[in-house]
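Subject: Structure handover

Hello,

Here is the structure for you to look at. My notes on how its parts are arranged follow below it.

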Amino acid sequence: MTLAEVLVAGVIVSSSCCASLQVWSQTVQTSQAARDLVQGGERLELQWLLSRRWLAAAELGCPLDPLALEVDLDEALPREAGISRRLAMDPNREGVWLTLEHNATGLLRRQLFTAAGSGWCSSSRETPS
């Protein structure tokens, strides 16, 4: 084998090693991103279920006050790091929107809670229009 052949073989081996390292690195990054997405989804789902349970068990009056409700929910169920939770009045004033978002992955969960549907208003009271 001549020196030129050895050099060419060395360049080929070197470039194929670099290419395989790049593929390996990309595979590790993709795997980590998928793992983060799954873990973020699980944490978001757990917070959503806990928030739903608390809201379903809460004894609230009519009309609903989303700010007071959010304060009570924050006291009863502290927010987990990396997850934002908001309660906002529905634009049609039909209920309160619970919105949870996982900040790192962008996953979002939303649900509308109505006073009548959640049993928060007794039949003897009427909701103002």
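**Helices and sheet**

Helix 1 lies across strand 1, strand 2 and strand 3, and runs at about 160° to strand 2. Contact here means heavy atoms within 4.5 Å. Helices (H or I, at least four residues) and strands (E, at least two) are DSSP runs, numbered from the N terminus. Axes are lines fitted to C-alpha atoms, for helices over the stretch in contact, and angles run from 0 to 180 degrees between N-to-C directions.

This is a predicted model, in which local features need pLDDT of at least 70 and side-chain atom pairs count only at pLDDT 80 or more, while totals for chains, interfaces and linings use all residues. Residues are numbered from 1 along each chain as its sequence is written, and side-chain values use heavy atoms, with hydrogens and water left out.

Helix 2 lies across strand 1 and strand 2, at about 150° to strand 1.

**The two helices**

Helix 1 covers residues 3-57 and helix 2 covers residues 66-76; they pack at an angle of about 120°, with their axes 11 Å apart. That makes helix 1 oblique to helix 2 (under 35 degrees counts as roughly parallel, over 145 as roughly antiparallel, 65 to 115 as roughly perpendicular and the rest as oblique).

Which residues in helix 1 and helix 2 meet? Ser51, Trp54 and Leu55 come from helix 1, and Leu69, Asp72, Leu73 and Ala76 from helix 2. The residues of this contact divide into five nonpolar, one polar and one charged (Ala, Val, Leu, Ile, Met, Phe, Trp, Tyr, Cys and Pro count as nonpolar, Asp, Glu, Lys and Arg as charged, and the others, Gly among them, as polar).

The three strands form an open sheet in the order 1-2-3, with antiparallel pairing (two strands pair if DSSP finds at least two bridges between them). Strand 1 (83-89) and strand 3 (108-113) stand at the edges with a single partner strand each, so one side of each is left without a neighbour in the sheet. From one strand to the next, the twist averages 15°.

Seven bridges join strand 1 to strand 2, and Ala88 stands opposite Trp97 in strand 2. These two strands form a hairpin with six residues between them, where Arg93 in the turn has a positive phi of about 60°.

Strand 2 (residues 96-102) is joined to strand 3 by six bridges. Trp97 stands opposite Leu112 in strand 3, and Val96 opposite Phe113. The hairpin of strand 2 and strand 3 has five residues between the strands, and Gly106 takes a positive phi near 85°.

Regards
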